[in-house]
Amino acid sequence: MPLPLGTLDTRTFEDLLEEARALLPRGAPAWTDHNYHDPGITLIELFAWLAESAFYRLDRTPDANIRAFLRLLGVQTRAPGVADTVLVLGGAAAGQALPAALQIGDAAARVVFQTSDPVFVTTTALVAVLTGTGGAWVDRTADNAAAHSYPALGRAPAADAALYLAFDRPFATTTATLSFFLWAREAESDRAMVARTRDEYAAADADTVRDAPRSAPRLRRDWRQHWSARTVWEYSAPGGTWKPLGNVVDETRNLTVSGFVRANAPLDCAPLSLAATPPALANRFVIRCRLTGGAYDCAPAITRVALNAVRARHECDTVELASGYRSTGRAGQRIDLSRAPVVSGSTAVRVMVGTMDDGLWSEVPNWDGVGPHDRAYVLEPEAAHIVFGNGRIGRVPPASAQIVVQYRTGGGETGNVAVATLNTLLDGTHNANLVAGWTALRSTLTVAQPCAASGGAAAETLSSATARAVDLLTRPERAVTLADIEALALSVPGTTI
């Protein structure tokens with residue numbers, strides 16, 4: 001536990017005044033009038049007030065020093081969080097490839113999200129979901145439609161147990177990428193588990209780079225791979241055979257966390273017609289995820305799987321040519337951006353002196369460590385302010401220079417919208433510039449939001465960051481007591497204990 005900080009001096013104004021008056025008979029015996037009307041007593045009161053103010057300041061640590069101490073511990077205050085969710089597109093008259101950065105919002109466009117990746121929208125519909133092995137299939141179609149949790153590979157998955165997804169028609173006639181999303185558990189717990197797993201793997205890779213000889217091959221582990229279980233994604237091919245999907249990128253850690261599964265659309269996918277096939281799969285175009293080896297510490301469970309899925313974040317691109325933004329040449333100039341809030345880390349500022357580009361300036365969260373010649377500015381994301389330096393800390397833009405700002409709007413708790421809030425493909429110039437014939441295409445597309453958006457948060461306060469640092473310092477790193485062993489076991493990411 002950290003040692004509590006003591007108070008440097010507990011004396012108040014009254015204590016200092018009485019102490020000084022008590023010293024007068026010994027230090028100045030000729031001074032006999034100690035009443036308040038005496039000018040000497042007035043001076044003692046003034047000095048007592050100054051001393052009390054000095055004690056107050058000495059007992060306070062500046063925010064810059066606290067941030068410096070936190071950086072030594074590897075802790076920094078967190079910027080406002082940006083909410084995200086998964087959207088499911090459909091309804092296209094024909095397979096349609098859509099680019100990233102499409103803007104989607106509620107009916108009134110009060111909340112606007114932007115897709116993070118391109119997506120191919122196929123007209124293929126998921127008609128059945130089954131789990132298990134040959135001869136012991138369980139139909140989970142109703143559970144999948146109602147988002148009820150069900151075992152993805154059966155209650156006791158063994159080799160060849162599989163998750164079967166049956167579709168009504170072929171996926172594509174040309175090269176395309178299918179995008180599935182599997183919901184395994186709560187978004188926040190999955191987000192935290194994935195972050196811890198990635199950090200653990202990154203730390204292991206860093207140790208390998210540090211400790212292994214330079215000539216030795218370095219084995220980089222993939223955090224998306226389960227520690228034991230191994231699966232393969234396959235599709236039904238002609239002749240009753242199964243073939244592996246091409247270029248599979250599985251972010252679900254073999255069905256244990258929520259994530260995307262992307263793969264090439266199989267052009268030779270054929271309907272199943274085997275005698276042993278259950279009626280739900282007969283004459284259907286099937287994709288399956290099959291367990292090929294290893295084991296799970298707990299049977300994986302999912303609540304829903306959907307095709308044509310794409311991630312969307314509560315942020316939108318904004319470019320301000322800022323013809324009205326001119327440098328005054330004065331210290332600490334502040335620019336108020338037209339749209340708030342601003343996504344932290346998304347800004348790009350250029351200072352134009354006539355036709356000359358003064359270079360790209362860097363966004364910093366505060367002035368800590370910024371020198372007098374550094375092209376830096378502080379962003380206040382929630383208020384949408386940009387503040388330049390004063391020449392002593394941070395450079396001052398040249399007078400009359402034009403300031404061009406590019407940034408993304410969004411972030412904060414307002415992005416944590418409920419299920420089915422995002423249901424409208426916006427008919428704006430942004431989408432029209434990305435997709436030719438957008439107005440006509442928009443009428444044929446549908447969008448659904450099966451899960452609530454999460455991850456939006458206000459900026460972390462310095463006191464909260466300090467509390468987080470104290471919590472990190474109190475966590476056990478070595479197994480000394482039984483409580484340590486329990487805490488370390490429960491903190492292992494990616495396992496169910």
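# Questions on a predicted model

Trainee: In which helix does L50 lie?
Mentor: Helices are DSSP runs of H or I with at least four residues, strands are runs of E with at least two, and numbering starts from the N terminus. L50 falls within residues 39-58, the run labelled helix α2.

Trainee: What pLDDT do local features need in this model?
Mentor: Residues are numbered from 1 along each chain as its sequence is written, and side-chain values use heavy atoms, with hydrogens and water left out. The model is predicted: totals for chains, interfaces and linings use all residues, side-chain atom pairs count only at pLDDT 80 or more, and local features need pLDDT of at least 70.

Trainee: Is L50 buried or exposed, or in between?
Mentor: Buried means under 20% relative accessible area and exposed over 50%, with partly exposed in between (1.4 Å probe, protein chains only). L50 has 41% relative accessibility, so this leucine counts as partly exposed.

Trainee: How are the axes of α3 and α8 oriented?
Mentor: Axes are lines fitted to C-alpha atoms, for helices over the stretch in contact, with angles from 0 to 180 degrees between N-to-C directions. The axes of α3 (residues 63-72) and α8 (residues 462-474) come within 11 Å and cross at roughly 30 degrees. Angles under 35 degrees count as roughly parallel, over 145 as roughly antiparallel, 65 to 115 as roughly perpendicular and the rest as oblique. The crossing angle therefore makes α3 and α8 roughly parallel.

Trainee: How many residues apart in sequence are the parts that E315 and R408 tie together?
Mentor: A salt bridge is a side-chain nitrogen of Lys or Arg within 4 Å of a carboxyl oxygen of Asp or Glu, and the structure holds 23 of them. E315 and R408 form one, at 2.7 Å from N to O. E315 is in strand β19 (residues 315-320) and R408 in strand β25 (residues 402-410), so the separation of the parts they tie together is 93 residues.

Trainee: Which residues are joined with D160 into one salt-bridge network?
Mentor: A separate pair, R350 and D357, has its closest N and O atoms 2.8 Å apart. In the network, salt bridges share partners, and D160 is joined with E234, R288 and R290.

Trainee: What phi does D160 have?
Mentor: D160 lies in the loop between β8 (150-151) and β9. Its relative accessible area is 43%, so D160 is partly exposed. Although D160 is not a glycine, its phi is positive, at about 75 degrees.

Trainee: What phi does N308 have?
Mentor: N308 sits in the loop between β17 (304-307) and β18 (309-313). With a relative accessible area of 4%, N308 is buried. N308 is not a glycine either, yet has a positive phi of about 65 degrees.

Trainee: What is omega for the peptide bond from A340 to P341?
Mentor: P341 is placed in the loop between β20 (334-336) and β21 (348-353). The bond from A340 to P341 is cis, with omega near -5 degrees.
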